[in-house]
Structure formats: structure tokens, C-alpha cells
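Dear colleague,

I am passing on the structure we spoke about, and I would be glad if you could look it over with the notes below beside you.

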Amino acid sequence: MNEHPRRVDVAIAGAGAAGLALALAIHRDSGGALRVAVIDPAPDRMIRPGRAYAIAGAARRFLDRIGVWNALAPQAQPVWRMRITDSRLRDPVRQERLAFAAADEPLAHILDESVLLAALRSAAADLQIRPIAAGVAALHSSAAVIHLDLSDGGRIGAALLAAADGARSPSRDLAGIRTVGWDYGQTGLVAEVAHERDHGGEAVQHFLPDGPFAILPMTDRRSSIVWTDSRANAEVMLALRADDLAEELDRRFGAELGSIRLATPLAGFPIRYQVARAFVGDRVALVGDAAHVVHPLAGQGLNLGLEDAEALSARIIEAARLGLDAGDPQALARYERGRRAAAVAMGVTTDLLNRLFASDATPIRLARDLGLGVVDRAPELKDFFMRRAAGHSAMV
Ligand SMILES: Cc1cc2nc3c(=O)[nH]c(=O)nc-3n(C[C@H](O)[C@H](O)[C@H](O)COP(=O)(O)OP(=O)(O)OC[C@H]3O[C@@H](n4cnc5c(N)ncnc54)[C@H](O)[C@@H]3O)c2cc1C
């Protein structure tokens with residue numbers, strides 16, 4: 001039996017990006033006064049190969065504030081331009097429907113998951129925050145404390161449990177918080193692709209009837225692909241021989257980047273929409289995918305999770321300034337009000353986009369192309385979409 005006879009202000013279940021960012025934010029915002037413990041059965045889990053994130057402006061500023069952006073910046077590729085097309089693969093010319101160009105700051109930065117997690121892990125280690133390698137097995141609440149029984153036999157008492165333990169969140173289940181959602185019947189295929197020509201910092205979102213195909217620029221003539229397809233098609237792609245898969249990728253990339261080759265194996269992730277019925281419970285707050293899972297077509301899932309971490313830390317610090325503990329119900333209610341609305345709004349937006357572009361029927365194509373044409377010619381509308389994508393209107 002491994003004892004962790006610990007009493008902390010905030011116990012964080014999950015050492016993924018959202019959980020670690022929350023730990024760093026609480027430590028920094030409280031000047032080290034609030035004690036945190038991070039618990040994860042696989043704290044050094046192997047990074048998912050080929051997985052990359054588009055980090056929006058608000059999330060980048062937060063990563064800077066918690067002291068990790070300097071380590072990330074050399075390996076983060078700024079996106080200066082984004083092109084949106086919905087041409088069919090067989091069309092000889094891929095007509096641009098909408099294009100966004102960066103003005104005062106990049107539209108986003110693309111980062112390898114391995115780079116992001118390594119920087120967060122190292123910043124946490126510098127502050128002596130070392131995840132406990134165990135899972136949360138049981139919870140018991142009393143008036144002033146929530147007790148966590150860990151899978152290694154240890155126990156931790158905390159004023160608040162922040163559940164950042166992913167979409168299947170065991171802690172959320174233990175807290176009795178249910179979710180609502182649906183399965184899209186789509187799979188997100190991801191991989192890293194090396195190419196002959198430079199991408200010039202341009203990202204491409206190609207809406208195809210079975211789902212969008214995104215090419216996101218990375219450093220060193222590499223791009224990350226997020227290829228959403230029906231589950232049946234994705235299974236076929238995952239089973240293809242290397243040269244047949246290369247041919248499929250060639251058709252989707254076109255000729256612009258020259259010859260291409262897969263730099264990591266193709267990996268598939270099922271795509272769901274899921275939102276927790278409540279983001280808080282008795283001395284419990286949900287953070288990141290534990291609270292919400294949105295369609296990846298806008299690359300906003302982790303961005304929302306980082307915004308959650310920033311907002312929860314802010315509410316905890318406000319409570320501490322008033323002499324209240326980290327599990328104060330009013331502070332948690334304020335956290336929930338801001339963050340649930342933001343997550344639901346993002347869920348609805350990505351769902352609508354996915355439906356709108358999933359149709360190849362001519363009237364719907366005409367209507368959406370007309371709509372995109374209007375947006376493309378209206379600078380105020382484009383500015384609105386760019387500010388939303390950059391997280392400027394985030395409710396923190
Ligand atoms: C194809 C695809 C592409 C995407 N692209 C983007 C993008 O470009 N930009 C973006 O912002 N988002 C993107 N997302 C979403 C993003 O991947 C997720 O939102 C993000 O990884 C969630 O991070 P998290 O820290 O909340 O959870 P996770 O990364 O799932 O981490 C959860 C952690 O909890 C731990 N854990 C599990 N069980 C327990 C337990 N019992 N106790 C304690 N800990 C436990 C796990 O070991 C893990 O370390 C994409 C998603 C998909 C599917």
C-alpha cells in the first residue's frame with residue numbers, strides 16, 4: 001500500500017494538458033500559497049503520434065502567463081493564412097470559398113502534442129508538482145473537504161477536486177455527474193505529413209461530403225492532417241497498404257506542396273459531441289474533455305479546456321482573497337455559468353458547420369457557397385469570425 005497522507009487545496013485528477021495547465025495556473029496565481037496535487041494513473045503516457053493542436057490566441061496568452069510559451073514558441077508554427085474550400089476531389093480547380101489572413105497576430109499556432117505535454121510536464125516538475133501515479137477510485141464528501149481514495153491505497157483530502165481526467169472521466173462518474181451527447185459516426189484520422197515545398201504558414205480546410213480534411217502547417221516542411229471521414233471509410237483508410245494510402249493522400253493534398261510522405265502512422269479517433277449536465281458538483285469542478293467534447297473541425301477542444309483551466313484558477317483565487325476555500329459553492333457556480341455557456345456555444349457552432357458542409361446536394365452547396373461568398377466580401381463579418389477563432393470573445 002502506498003500512502004499519500006496529504007491535505008491539499010485542490011486535487012486535480014488528470015495530468016493531460018488541461019490538468020497540468022490548471023495546476024500551473026493555481027500555483028502561479030496564488031504565488032504558491034495554494035497547494036495542489038495532480039493524480040494520473042499514466043502520468044508519463046506515451047504521446048499519441050501525429051496528434052497536433054491548433055492553439056488560438058487566448059490559449060497562447062494563457063500558456064505564456066503560466067510560463068510555458070517561451071519553451072513552446074520555437075516549435076510552434078504560426079498560421080498566417082487559412083483557406084476554406086468545398087470543391088469535390090475530382091474538380092480540376094479548387095475554388096477558394098473563404099480566406100482569412102492574419103492581421104496583428106497569427107490566426108493560431110500549430111503544436112505537436114508531444115511538445116506541449118513535455119513543456120507542461122517540465123514546468124510542473126520545476127515547481128515540484130509531480131503527478132501521483134494512481135487513479136481516483138472513490139470519493140467521499142464532508143462539509144469542508146472531499147476525500148479521494150486512490151487506486152494505490154493512498155488518500156488525499158482537498159477543498160476541491162478538479163476532474164480533468166478526459167472524455168470518459170472516472171471522477172465525473174464517481175461524482176454522479178451525467179453527460180448528454182451523440183456519436184457523429186465519423187472518425188478523425190490524424191497523421192503528420194512531410195512535404196517537398198514550404199507551406200508558407202497557410203492552413204487549408206477542405207470540406208468534403210463525409211467530413212472536413214484539414215492541412216495544418218507545422219515547423220520544418222511538415223503538416224498535420226485532421227481528416228474526418230465516415231467511420232466505414234476511415235476503417236478502409238486505416239487498413240490500406242502504404243502505397244494506396246499515399247495515393248489517397250495525394251488526391252487530397254493536390255500538387256501545391258510537391259511530393260508528400262507520411263511521417264507518422266495514420267491514427268483514428270472516434271468523433272463525439274458530449275457535454276456534462278453540470279460542470280460542478282459538491283466540491284467538484286469539471287475541466288477540459290471531462291466537461292465537454294466538441295467536433296474537432298474548428299480545432300477548439302483543447303482551447304476550451306485551457307480556457308476552463310484559466311477560468312477555474314481565477315475563481316479559486318477570487319474565493320481565496322475573500323477568505324473562502326477552493327470549493328466555495330458560489331465560486332463554482334460562477335465558473336459553471338461562464339464555461340458551460342462557452343462550451344455549449346462551441347458545440348452548437350461546430351455541429352452546424354459539420355452538418356452544413358456534409359451535404360453534396362446542389363441547393364445546399366449553392367446556399368452555403370453564397371453564404372461564404374457574402375462573408376468573404378464583408379470585412380466586419382470576417383473580422384468577427386477571426387476574433388472568435390482566436391478566442392477573443394472567450395468567457396474567462
Ligand atoms: C482528431 C482530433 C483532433 C483534435 N484537434 C484539436 C486541435 O487542433 N485543437 C484543440 O484545441 N483541440 C483538438 N482536439 C481536442 C483535444 O484533443 C482534446 O480536447 C484534449 O486532448 C483534451 O485534453 P484533456 O487534458 O482535457 O484530456 P486528456 O488529454 O484526455 O487527458 C486526460 C488525462 O486523465 C488521465 N486519467 C484517466 N483516468 C484517470 C483517473 N481515473 N484518475 C486520474 N486521471 C485519469 C489520463 O491518463 C490523461 O492523462 C482534437 C481532438 C480530436 C479527436
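This is a predicted model: local features need pLDDT of at least 70, side-chain atom pairs count only at pLDDT 80 or more; totals for chains, interfaces and linings use all residues.

I begin with the ligand. The shell around the ligand holds 33 residues, and those that come nearest are Gly16, Gly166, Gly188, Gly288 and Gly301. Sorted by class, this shell consists of 17 nonpolar, 12 polar and four charged residues. At least two shell residues come from each of α1 (17-29), β3 (52-55), β11 (179-195) and α8, and α8 gives the most, with four residues.

Helix α8, which spans residues 301-321, also packs against helix α2, which spans residues 57-65, their axes coming within 9 Å and crossing at roughly 45 degrees. Because of that angle, α2 counts as oblique to α8, and the crossing in which α2 passes α8 is left-handed. On the α2 side the contact involves Ala58, Ala59 and Phe62, while on the α8 side Asn303, Leu306, Glu307 and Glu310 are the residues that they meet. The residues of this contact comprise four nonpolar, one polar and two charged.

Helix α1, another element that supplies residues to the ligand shell, has a packing partner in helix α4 (residues 113-126), and here the axes come within 10 Å and cross at roughly 30 degrees. The crossing of α1 and α4 is likewise left-handed. From α1 the contact draws on Ala17, Leu20, Ala21, Ala23 and Leu24, and from α4 on Leu116, Leu117, Leu120, Arg121, Ala123 and Ala124. By class, the contact of α1 with α4 has 10 nonpolar residues, no polar residues and one charged residue.

Finally, there is a strand pairing to look at. Strand β8 (residues 136-141) runs antiparallel to strand β9 (residues 146-150), and the two are joined over five bridges. Together β8 and β9 make a hairpin, in which four residues lie between the strands.

With best wishes

Notes. Residues are numbered from 1 along each chain as its sequence is written. Axes are lines fitted to C-alpha atoms, for helices over the stretch in contact, and angles run from 0 to 180 degrees between N-to-C directions. Angles under 35 degrees count as roughly parallel, over 145 as roughly antiparallel, 65 to 115 as roughly perpendicular and the rest as oblique. A crossing is left-handed if the near helix is turned anticlockwise from the far one by less than a right angle, and right-handed if clockwise. Two residues are in contact if their C-beta atoms, placed from the backbone, lie within 7 Å. Ala, Val, Leu, Ile, Met, Phe, Trp, Tyr, Cys and Pro count as nonpolar, Asp, Glu, Lys and Arg as charged, and the others, Gly among them, as polar. Two strands pair if DSSP finds at least two bridges between them. A residue is near a molecule or strand if its C-beta atom, placed from the backbone, lies within 6 Å of it.
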